[in-house]
Amino acid sequence: MFDIVSFFPRAVVQSVPLLCGSTGETITEKSGNLNLGIPGIMYVGAISGVIGSFFYEQSLKASGSTINTFLGIAIPMVCSILGSLLMGLIYCFLTVSLRANQNVTGLALTTFGVGFGNFFGGSLIKLTGSEVPSIALTQTHGCFVHKLPLAAKTGWFGKMFLNYGFLVYLAIIIALIAAYVLRHTRLGLNLRSVGEDPATADAAGINVNRYKYFATCIGSVIAGLGGLFYIMDYASGVWSNDGFGDRGWLAIALVIFTIWRPNVGVLASILFGALYILYLFIPTGANAAIKEFYKMIPYVVTLLVLVTVSMRKRRENQPPASLGNSYFREER
Amino acid sequence: MDQRVPAVSMRNITKTFNSGAVVANKDVSINIYRGEILALLGENGSGKTTLMNMLSGIYFPDEGQIFVDGKEVVIRSPKDALDLGIGMIHQHFKLVDVLTATENIILGLKEKGKLDLKAAAKKIKDICDQYGFDLDPMQKVYNMSVSQKQTVEIIKVLYRNADILILDEPTAVLTPQETQSLFNVLRNMKADGKAVIIITHKLNEVREISDFVDVLRHGEFIGSLTTSESTPQEWTDMMVGRKVTLNIERPDPLGLPPRLKVKDLTVRSEEGLIKLDHVSFDVSGGEVLGIAGISGSGQKELLEAIAGLQVTEEGSVIYVEDDGTEEELLNQDPNKIRRMGITLSFVPEDRLGMGLVGNMDLADNMMLRTFRKGKSPFTDRKNPHKRAELIVKELEVVTPSIETSVRRLSGGNVQKVLVGREIAEAPKVLMTAYAVRGLDINSSYTIYDLINQQKQKGVAVIYVGEDLDVLIELSDRILVLCEGELSGILDARKTDKNEVGLYMTSLHGEGGEAS
């Protein structure tokens, strides 16, 4: 029998990195920046948080005291935000200020971010001198997965909806706020116009570069939180090199799937999360090869989605018209 | 002279591009007063738009001062300009397609409080009522006609309380009826005490709407005239710097047999809309068939269908050889059609969209037509180079060199290169669309001359144009399209602008006064 009560929470937990990544990328793309550095930025967001909490836990061990919940959360959060913010700034400086090609810059940042993560991950593993190639930050993990007290008392409902660490709720709230801002505020209207037609936005007195910088940096920070969540909550505080996988790319595909709407992203990411772990829940018998086919599902669905989405004709569902182009006012 | 304080005074403005290599404006001074309409005249590349762009904050002058109401100001961005009450309606509309009229209008405003689209829509309605516009505030821009988009642009600057308005070739894409309603709006603004600057190439409009005329030539200020006390001939002479005859020649058609027979041509767009509906006509060698219609009435589809670039649903296009043999053109390879001597020069709104490659130089753009010729495995670069030089010389293309990429030329010069190349192919059928779109008087007449030369050589010319005055003077017959249907074929020598306008807006000119 398919066990929905245990399947659903796992799908949700799987979905959060995707949701953060796609929310961040959506905000970025609305400004006309196609940031293909998102996978790398999520790596950096993760490793920065790991570095912060690693040294905090080391200092705790040295002084023999127990972890302070607030610091246990705040230190990795701040480190992660700074790390991904820096990546966003590099991207903006190259593509907005220097008007470098966005695709090349993004891909370079992804390569850089993954390498950066693995390098410092490897260094920290060396520092611990442990036998296994990973770092376990169990105390920090404990801080991140504080559950709502109601969760244990409300039966299946609590298990399905209340039994998560705070980052899950934060990711959903950020996505909903982003959707509201984009659709219903002056700020969102201005941002959308920058992504659609920067020359028009400029003529209307909107500071195009400032919007591009802010949207891209905020998007990077949100995406970076997805990386942090993956390590601190999903992976129980264990960093291992290349552990994050290709979730960053799925997040970018999800942006198209959700037709640039972060509120749709909440449900779509849960769907993707479900597909991602479906193979664990479908009995495949002794033949392990079948499992590999199930693991393909999210990628096959991504391909199908891209095909169907590109057949849609409505103008509102198209990518921002100026996506991928840099803007220079005096260009003739 | 004038004791009043000008609304705007530009003093000794100089602007160069490419670090001094191209001088767009040199020591230009103009004044504009409230309650007046100033027409800014000049040939293409004479620096009118550049000058106005400095007023609206797109460019920043290298030298010179700008005064608004007697106070010196620095305009560094479009926002600065709007804060001073200066609003510009650009030739290429600056609107976001996927947003509604209201959203476009309030874009970038820093009003207090929540985003209230309903309140904004109401304010827009009030402005519409005040000046006599007709607009649905909730309509998406991509569903709008050109004149509706222009209305949005004008309301956008009015909504920001602009009282100095700059309009860059506002009538280039309007029907005569739409032009009239725009002029009524402009008169209302003038009565309201606003200062209006209008850039246009159409001299009859200058006479109709403006109070004063300022003329620029090669980036320099030539002179200022009172409209009512001067003549179009004087303006043109000042613009060009020498005498120009303003009448278009029209040699009689040669009376050759039909060259192209089009029958029941029907085209459907990708979305399934009918773009051409059973259009039938003949065109003979040695005649100019003008095609009139509101933009988007099927002109593009018609020409492309003949050139083999457009999928057709039914009908036939028959090409008649000199010896009388007939050949079907539909579903032929476009290259073959081109080799038979049918050329198409289509000048799209963005000018570079079709036909020329912006990043290639003049000679390479000539090669786009010639590279298939010749037997050697290497391309021939010499002849295209010569041809480019010839076009530059004969059509007076302003370019630093043949090796300059086309993107860097001004719009009018780009067009000359495109049309010149097609004519250099020595065609049997010459199709040109909007060949003089946005061109100045002098270059326009060069193009009309070229068309007439071709006509006298026995070429069948199909000329799609926007300026009805020209269309009537240049063509032998005028085919009018109305929403993809053949509205009528008129004798250009016997018709007038109103009749053509009527056929454009209602099928077969029925329905009395067009709405």
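1. A cut-off comes first. A residue is buried if 20 or more other C-beta atoms lie within 10 Å of its own, exposed if 12 or fewer, and partly exposed in between. B:Arg408 has 18 other C-beta atoms within 10 Å, so this arginine is partly exposed. B:Arg408 sits in the loop between helix H12 (382–394) and helix H13 (411–424) of chain B. Its C-alpha atom is separated by 9.4 Å from that of B:Asp361, and the two residues are 47 apart along the chain. Please keep in mind that this is a predicted model.

2. Now chain A as a whole. Chain A contains 14 helices and two strands. Does its radius of gyration agree or disagree with that of a compact globule? The value for chain A is 20 Å, and a compact globule of 332 residues would be near 20 Å, so the two agree. Along the principal axes, the C-alpha atoms of chain A fill a box of roughly 65 × 50 × 40 Å. Of the 332 residues in chain A, 47% are buried. Take the contacts in chain A between residues at least 6 apart in sequence: 80% of these join residues at least 24 apart.

3. Chain B next. Chain B has 16 helices and 20 strands. Its radius of gyration is 24 Å, close to the 24 Å from the globule rule for 515 residues, so chain B is as compact as a globular protein of that length. The box filled by the C-alpha atoms of chain B is roughly 75 × 50 × 45 Å along the principal axes. Buried residues account for 48% of the 515 residues in chain B. Among contacts in chain B between residues at least 6 apart in sequence, 67% join residues at least 24 apart.

4. On the domains of chain B. Domain 1 spans 8–240 and domain 2 spans 258–509. Their C-alpha centres lie 31 Å apart. How many residues of each domain are in contact with the other? Domain 1 of chain B brings 16 residues and domain 2 of chain B brings 22 residues. On the domain 1 side, helix H6 (176–191) and helix H8 (232–240) of chain B each supply at least two residues. The largest share of that side comes from H8(B), with three residues. By class, the domain 1 side has six nonpolar, seven polar and three charged residues.

5. On the contact between the chains. Chain A gives 22 residues and chain B gives 19 residues. Helix H8 (186–196) and helix H9 (198–203) of chain A each supply at least two residues of the chain A side. That side of chain A has seven nonpolar, six polar and nine charged residues.

6. On the nonpolar core. The largest one has 227 residues, and A:Val50, B:Leu55 and B:Val480 touch the most other members. Helix H10 (residues 208–234) of chain A gives the most to this core, with 15 residues. Both domain 1 (8–240) and domain 2 (258–509) of chain B give residues to this core, so the core lies between them. Leaving out residues up to four places away in sequence, B:Leu55 touches B:Val8, B:Met10, B:Ile66, B:Ile75, B:Ala81, B:Ile86 and B:Ile166.

7. S6(B) runs parallel to strand S7 (residues 164–168) of chain B, and four bridges join them. Which residue of S7(B) is the bridge partner of B:Met88? The partner is B:Ile166.

How values were computed: Residues are numbered from 1 along each chain as its sequence is written. Chains are lettered from A and ligands numbered from 1 in the order in which they are written. This is a predicted model: local features need pLDDT of at least 70, side-chain atom pairs count only at pLDDT 80 or more; totals for chains, interfaces and linings use all residues. Two residues are in contact if their C-beta atoms, placed from the backbone, lie within 7 Å. Ala, Val, Leu, Ile, Met, Phe, Trp, Tyr, Cys and Pro count as nonpolar, Asp, Glu, Lys and Arg as charged, and the others, Gly among them, as polar. Domain bounds come from an automatic or database domain assignment. Two strands pair if DSSP finds at least two bridges between them. A nonpolar core is a set of buried Ala, Val, Leu, Ile, Met, Phe, Trp, Tyr and Cys residues joined through C-beta atoms within 7 Å. The radius of gyration is taken over C-alpha atoms; the globule rule is 2.2 Å times the number of residues to the power 0.38.
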